[in-house]
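Me: I would like to learn how to read a structure like this one. Can we go through it feature by feature?

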Amino acid sequence: MTIKDFDTRAAWRAGDLQADRSWEFHVDDKAREQMTRAINKAFDPARPLFDYTMDDFDLGPAWDTIAAAIREAYHGRGIALVHGLPRDGITEQEFELMNWAIGLHSGVARPQGKMSQYISPVRDVGTDYRASNGRGYSSNAKLDFHTDGCDFVTLACYNKAKSGGQSMISSSVKAFQVMLEERPDLAEVAHYTNYCFSRQQEAAEDEAPFYAQPLIDFADGRLFGKWNRNRVQSAQNLDGVPKLTDEQRDAMELLDEILNRPEYMYTMYLQPGDLQILNNHVMLHSRTDYVDYDEPEKKRLLSRLWMAPKDSVRLPVSWGHFF
């Protein structure tokens, strides 16, 4: 199979998302109120997240809306946005529990670091994104286009920033199709050569500090994309990592240039109560830098969950080592 042969609804242009809003979903007032009561009732500040089960949460009709959004993200456009989740009358901890409850209904959560955190607060705690152990979710820096280490990610917004923090999404499928049209030689480099990605000092004891895989591969007729410039560049400082070839660097530059073209990059600001769902196999995402509020209770805060759905698709063999 070649990239040119591959056709999917996930190979969109920004104008496609603007013209067809079927990837956006809305929880109405009645469903939101019922969901709020369910979270308030289940919440116990002394109860660990892993002690909760799906049966603890009757999410009511809101779940039907969220489930439809997950299907759209995982099997359709690769992206979905749910508006109107509970936000007023709900604490930060209850809001995190709400995202956890969504995860319990939709599949199995994946760890997000060597500390085995299965849900992460996305907030600025002063992390240096470009450091050898830098993580973007705990900084306010502009992020490179990247994928997360899971099938799909949910990002629930509790507070938005004072300014900035714009979410940017591009289709990796479309980007590689464009690369094949414009520079087929570099598309071949992205497909047939391995790039080394740093684990950012998050490796387990039995893992190397980096892993290698191509930027594009196929399985069961599906195209899978992978990219994270920050981790590729960080890996170049690790022992045992081969230096990038000139052709690999050219492929990197072209890929980022395509991803940032206005016709392929869709931008949005998440509002409190929004839930963004992205399929990491076909979407690449980024974020602008932001300025936060001074008041702690107003600071930008989102809840991030990495998920493997119940109907996970088979991954390429080259994806196996990382996953």
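Me: How many of the 11 residues of α5 are buried?

Reply: Some ground rules come before the count. This is a predicted model, in which local features need pLDDT of at least 70 and side-chain atom pairs count only at pLDDT 80 or more, while totals for chains, interfaces and linings use all residues. Residues are numbered from 1 along each chain as its sequence is written, and side-chain values use heavy atoms, with hydrogens and water left out. Helices (H or I, at least four residues) and strands (E, at least two) are DSSP runs, numbered from the N terminus. Buried means under 20% relative accessible area, exposed over 50%, and partly exposed in between (1.4 Å probe, protein chains only). In α5, 9 of the 11 residues are buried, so the helix is largely enclosed by the rest of the structure. The buried ones are Ser172, Val173, Lys174, Ala175, Phe176, Gln177, Val178, Met179 and Leu180.

Me: What covers the buried residues of α5?

Reply: Cover is judged by contact, which means heavy atoms within 4.5 Å. For α5 the cover includes the strands β8 (167-171), β11, β12 and β15 (283-287), together with the helices α6 and α8.

Me: Which side-chain atom reaches the backbone at the start of α5?

Reply: Look for a polar contact, a pair of N or O atoms within 3.5 Å; within protein, one must be able to donate a hydrogen and the other to accept it, and residues adjacent in sequence count only if both atoms are side-chain atoms. Here a side-chain oxygen of serine 171 comes to within 3.3 Å of the backbone nitrogen of valine 173.

Me: How is the packing of two helices described?

Reply: By the angle between their axes and the distance between the axes. Axes are lines fitted to C-alpha atoms, for helices over the stretch in contact, and angles run from 0 to 180 degrees between N-to-C directions. Angles under 35 degrees count as roughly parallel, over 145 as roughly antiparallel, 65 to 115 as roughly perpendicular and the rest as oblique. Take α5 (residues 172-182) and α6 (residues 184-192): their axes come within 5 Å and cross at roughly 135°. That makes α5 oblique to α6. On the α5 side the contact is made by Phe176, Met179, Leu180, Glu181 and Glu182, and on the α6 side by Pro184, Leu186, Ala187 and Ala190. By class, these residues are 7 nonpolar, no polar and 2 charged; Ala, Val, Leu, Ile, Met, Phe, Trp, Tyr, Cys and Pro count as nonpolar, Asp, Glu, Lys and Arg as charged, and the others, Gly among them, as polar.

Me: Which residues of α6 are buried, and what do they pack against?

Reply: Leu186, Ala187, Val189, Ala190 and His191 are buried. They pack against α5, β9 (195-198), β11 (216-219) and α8 (246-259).

Me: At what angle do α5 and α8 pack?

Reply: The angle is about 120°, with the axes 10 Å apart. That makes α5 oblique to α8. Ala175, Phe176, Val178, Met179 and Glu182 of α5 meet Ala251, Leu254, Leu255, Ile258 and Leu259 of α8. This contact has 9 nonpolar, no polar and 1 charged residues.

Me: How do α2 and α4 cross?

Reply: The axes of α2 (residues 29-42) and α4 (residues 92-106) come within 10 Å and cross at roughly 105°. That makes α2 roughly perpendicular to α4. Met35, Ile39, Asn40 and Ala42 of α2 meet Glu94, Leu97, Met98, Ala101 and Ile102 of α4.

Me: Is glutamine 200 buried or exposed?

Reply: Glutamine 200 is buried, with a relative accessible area of 1%. It lies in the loop between β9 and β10 (210-213). Its side chain makes a polar contact of 2.9 Å with the side chain of serine 234. Glutamine 200 also has a positive phi of about 55°, although it is not a glycine.

Me: Where is histidine 83, and what is it in contact with?

Reply: Histidine 83 is in strand β2 (residues 79-83) and counts as buried at 19% relative accessibility. Leaving aside neighbours within four places in sequence, histidine 83 is in contact with Glu24, Phe25, His26, Val27, Gly273 and Asp274. The side chains of histidine 83 and aspartate 274 are joined by a polar contact of 2.8 Å.
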